[in-house]
Amino acid sequence: FDETYVVAELAAADTARIIRSATDGRVLTVNSDDVVAEVTAQACLQAGLSAVFSDLLDFDGDEIYFCDVGALAGRTYQDALTAFERSSVIGRLAKGGDVELNPSPDTQLGAGDQLILVAEDDSAIALSEPGAYEPPLGGAGVRGDRPPMNVVLIGWSSFGHKVLKELDEFLPPGSGVRVVIDGDLADASEVEGVALRNATCEVLVGDGGPDDFTRLDDGRPKRIIVLGYRDCLSIDDADARTLVTLLALRSLWPANADHGVRIVAELLDQQNLVLAAPVGVDDLIVSNALASLLMAQLSEHPALQAVFDDLFDAEGAVIEMRAASELVPAQPMPFGAVVAAGGAAGVSVFGYRVAATGQVRLNPPKSDVVTLGADDHVAVVAIA
């Protein structure tokens, strides 16, 4: 039983820490609400991010693996970023057991270290030629200051506290959040008690119908999150309420219209996903599906616990969609050059999103020639 692990879903972070310590790490714990809150908050602010998380967690596309540094011992992390044709390096597992996602580009790799990679399969991980790609000239090179954002959150539950906290972590200072609740299903005092650092929070109490949403039109919302009333309704009733809300929102602000209202919604049951698909929501975050996928990944690869801990910790590394123009000019180049430019800028690039189609592609071959325009984005691991 030396290699036996148990994966458990726990609601309380303190309990999870105690159990991990008491079992010497043999019990791998998942707090699904924390994971879902972070994905929901980030998906609202960054198009394509939920697709990235889904691809990394499911077993159909690319996943996260570990491999020995081998011949890269003595080379730098920057060298490693472009040293695998069909795998994308995102971090290092040091010989002592510490996980470092997106370490400094000049970090020297030592014998006994392992690389953390995104790959289609472990059989696809093969060393090619380190340093074969150079960063192109002409990228902006700096990340501009983001202006304040306004986000609307419709619906409420105890889960809403975590979503607001996660949103606040990623919103620029001076931002605002308007929370719209049905006064028969939630109390405004529950929302008003949430302390935010970067944003102000305003509560609008109504009946949860279309009239409530027309009151938002004065500010022409750009980003809307819809949460289920999971505390006071059954799962099916909460999802039904969410679907009705989505229909009302899209009747006011149709998908692909000029005003570009981005809507992200939480569903509690994956079986209701097929009902929501025709509504035209930008991202649907299915709570039970995300938790199940994360637990399945840990059951297959227990070493991923530290990686996911870091990714879903507000103080650790984060997955972001960065404007491609920050790194590279809008001209044809091998994807390996984009990765090299990311390393020079201090981020680990592992994919991209084409704005015109919404297509997200993770871990393309380094030799693939891409042209990333001003509206396109790259998927990166960065330090928060």
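Aspartate 368 and arginine 361 form a salt bridge in which the closest N and O atoms are 3.0 Å apart; a salt bridge is a side-chain nitrogen of Lys or Arg within 4 Å of a carboxyl oxygen of Asp or Glu. Aspartate 368 is partly exposed at a relative accessible area of 25%, and arginine 361 is likewise partly exposed at 32%. Here buried means under 20% relative accessible area, exposed over 50%, and partly exposed in between (1.4 Å probe, protein chains only). The model is predicted, so local features need pLDDT of at least 70 and side-chain atom pairs count only at pLDDT 80 or more, while totals for chains, interfaces and linings use all residues. Residues are numbered from 1 along each chain as its sequence is written, and side-chain values use heavy atoms, with hydrogens and water left out.

**Salt bridges**

- The structure holds 12 salt bridges.
- One of them joins arginine 20 to aspartate 309, with the closest N and O atoms 2.6 Å apart.
- This pair links distant parts of the chain, 289 residues apart: arginine 20 belongs to helix H1 (residues 13–22) and aspartate 309 to helix H11 (residues 304–311). Helices (H or I, at least four residues) and strands (E, at least two) are DSSP runs, numbered from the N terminus.
- Arginine 20 is partly exposed at 25% relative accessibility, as is aspartate 309 at 31%.
- Arginine 178 forms a salt bridge with glutamate 202, the closest N and O atoms being 3.4 Å apart.
- Because arginine 178 lies in strand S8 (residues 175–182) and glutamate 202 in strand S9 (residues 199–206), the pair ties together parts that are 24 residues apart in sequence.
- Glutamate 202 is partly exposed, at 38% relative accessible area.
- Asp33, Arg230 and Glu266 are connected in a network of salt bridges.

**Buried glutamates**

- Glutamate 38, in helix H2 (residues 32–45), is buried yet has no salt bridge.
- The nearest side chain of opposite charge to glutamate 38 is lysine 162, 11 Å away; Lys and Arg count as positive and Asp and Glu as negative, whereas His and the chain ends are not counted.
- Beyond residues up to four places away in sequence, glutamate 38 touches Glu166, Phe170, Leu311, Phe312 and Asp313, where contact means heavy atoms within 4.5 Å.
- Glutamate 166, placed in helix H5 (residues 159–170), is buried at 12% relative accessibility.
- With the exclusion of residues up to four places away, glutamate 166 touches Ala37, Glu38 and Ala41.
- The C-alpha atoms of glutamate 166 and serine 87 are separated by 30 Å, and the two residues are 79 residues apart along the chain.

**Buried leucine**

- Leucine 115, in strand S6 (residues 114–119), counts as buried at 0% relative accessibility.
- Setting aside neighbours within four places in sequence, leucine 115 contacts several residues, including Tyr65, Phe66, Cys67, Leu72, Phe84 and Leu109.
- Leucine 115 and arginine 75 are 40 residues apart in sequence and 12 Å apart in space, C-alpha to C-alpha.

**Surface charge**

- A patch of negative charge on the surface gathers Asp187, Glu190, Glu192 and Asp231.
- Patches are made of residues with over 30% relative accessible area and no salt bridge, like charges being joined within 9 Å and nonpolar side chains (Val, Leu, Ile, Met, Phe, Trp, Tyr) within 5 Å.
- Glutamate 192, in helix H6 (residues 188–192), is exposed, with a relative accessible area of 56%.

Notes:
Areas by Shrake-Rupley, 256 points an atom, 1.4 Å probe, with all protein chains shown as cover. Charge placed at Lys NZ, Arg CZ, Asp CG, Glu CD.
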